[in-house]
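Please look through the structure below before reading my comments.

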Amino acid sequence: MKDVYTFADLENWSDATAGEAAPLRVAVLGDPVQHSASPPMHNAALEACDLPARYCRLHIRPDELTETFARLKAADFIGVNCTIPHKLGALLAMDEVDEQAIRIGAVNTVAFREGRLLGYNTDGPGLVRALRAEFSVDLRDLRVMILGAGGGAGRAIAVQCALEGCERLVLVNRTLEKARLLATELTPYFTSTRVLGPADRLEAVPWENAALRRQLENVDLIINATSVGLQSSDPSPLPASLLLPHLMVYDTIYTARRTSLLRAAEAAGARGANGLSMLLYQGAASFEIWFDREPPVAAMRSALLKHVRQPAA
Ligand code: ATR
């Protein structure tokens with residue numbers, strides 16, 4: 001299979017893909033897109049389920065997006081994933097959008113059904129399933145701190161926490177104003193007093209050790225949604241001295257098996273997991289939307305593990 005197809009290829013898809021062993025009817029749209037781990041994961045799933053379709057990468061520029069959906073429809077596509085920079089553009093191009101995607105303001109999964117474009121966001125549901133798999137917990141039962149709540153991933157996670165009605169949500173961002181704006185937006189979800197104790201259910205707090213230390217006594221789960229950790233030389237976004245043994249630490253970064261944050265968690269006696277499971281379960285949730293059947297998670301996981309380089313440290 002060609003590594004990346006383009007907008008021009010979509011004009012005459014059957015000719016462009018004539019050499020393929022199975023029809024390409026699912027794809028990820030992005031710019032850039034060549035590093036996406038979705039094709040190996042979804043192709044393993046399609047093969048495991050014996051489905052007569054394959055998944056490819058499509059390099060689409062922002063000004064090509066609207067016409068791309070028309071061409072995909074004409075080419076009889078089943079669905080697509082949208083990644084950077086198309087998650088908002090896709091939302092605007094849909095005929096119908098589910099609540100998660102509306103609240104987040106981003107569509108990462110599109111289904112083509114009876115000539116209509118249906119938009120979803122599976123990042124949040126993917127995280128819920130990942131936490132269940134990694135820690136045997138439900139997000140709604142937890143007091144959660146999100147690092148990087150002002151970024152795209154942090155926002156999606158915060159909205160999921162709000163929709164689930166989690167016990168408590170602490171939004172942390174280097175640029176505090178972004179966390180404050182998000183807190184204001186999510187306030188209606190946190191009006192009841194579920195938590196016993198003095199802590200507010202929803203707070204935006206500055207990224208300062210003293211403020212974080214106070215918060216962490218009333219937190220069960222820390223989620224790193226910043227880009228800190230993407231480079232192996234990055235320091236931990238939180239020092240080990242702030243971490244406590246009762247904490248669960250989820251790092252959305254999956255390019256290292258143990259990021260510096262996860263090493264800090266381990267040093268503090270806390271449990272940790274990296275973002276591979278979120279990548280896996282958001283993909284599994286997309287697969288379920290497109291094919292209305294149980295996703296073959298084990299096949300998807302082993303394809304991902306083969307594809308994603310995960311240095312031990
Ligand atoms: P997006 O996800 O919207 O594309 P990004 O630039 O990739 O944004 O940044 C994602 C998150 O990582 C943001 O919350 C960002 O914080 P700011 O809003 O203050 O920019 C956070 N981030 C990036 N580098 C960081 C660093 N060195 N320390 C702390 N947070 C950082």
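Predicted model: local features only at pLDDT ≥ 70, side-chain atom pairs only at ≥ 80, totals over all residues.

1. Residues are numbered from 1 along each chain as its sequence is written, and side-chain values use heavy atoms, with hydrogens and water left out.

2. The residues near the ligand (a heavy atom within 4 Å) include Gly-148, Asn-173, Arg-174, Lys-178 and Trp-207. A polar backbone atom of Gly-151 is 3.2 Å from an oxygen atom of the ligand, and a backbone N or O atom of Gly-152 lies 2.9 Å from a ligand oxygen. The protein covers 62% of the 630 Å² of accessible area that the ligand has on its own, as calculated by the Shrake-Rupley method with a 1.4 Å probe.

3. Tyr-5 and Trp-13 form an edge-to-face aromatic pair, 5.0 Å centre to centre with 65 degrees between the planes; rings of Phe, Tyr and Trp (its six-membered ring) pair if their centres lie within 6.5 Å, and planes under 30 degrees apart count as stacked, over 60 as edge-to-face and the rest as tilted. Trp-13 also forms a tilted pair with Phe-77, at 5.6 Å and 50 degrees. Trp-13 lies in helix α2 and Phe-77 in the loop between α4 and β4, so this pair ties together parts that are 64 residues apart in sequence; helices (H or I, at least four residues) and strands (E, at least two) are DSSP runs, numbered from the N terminus.

4. Elsewhere, Tyr-55, Phe-287, Trp-290 and Phe-291 form one aromatic cluster.

Definitions and conventions:
Polar contact = N/O pair within 3.5 Å; in protein donor to acceptor, adjacent residues only side chain to side chain.
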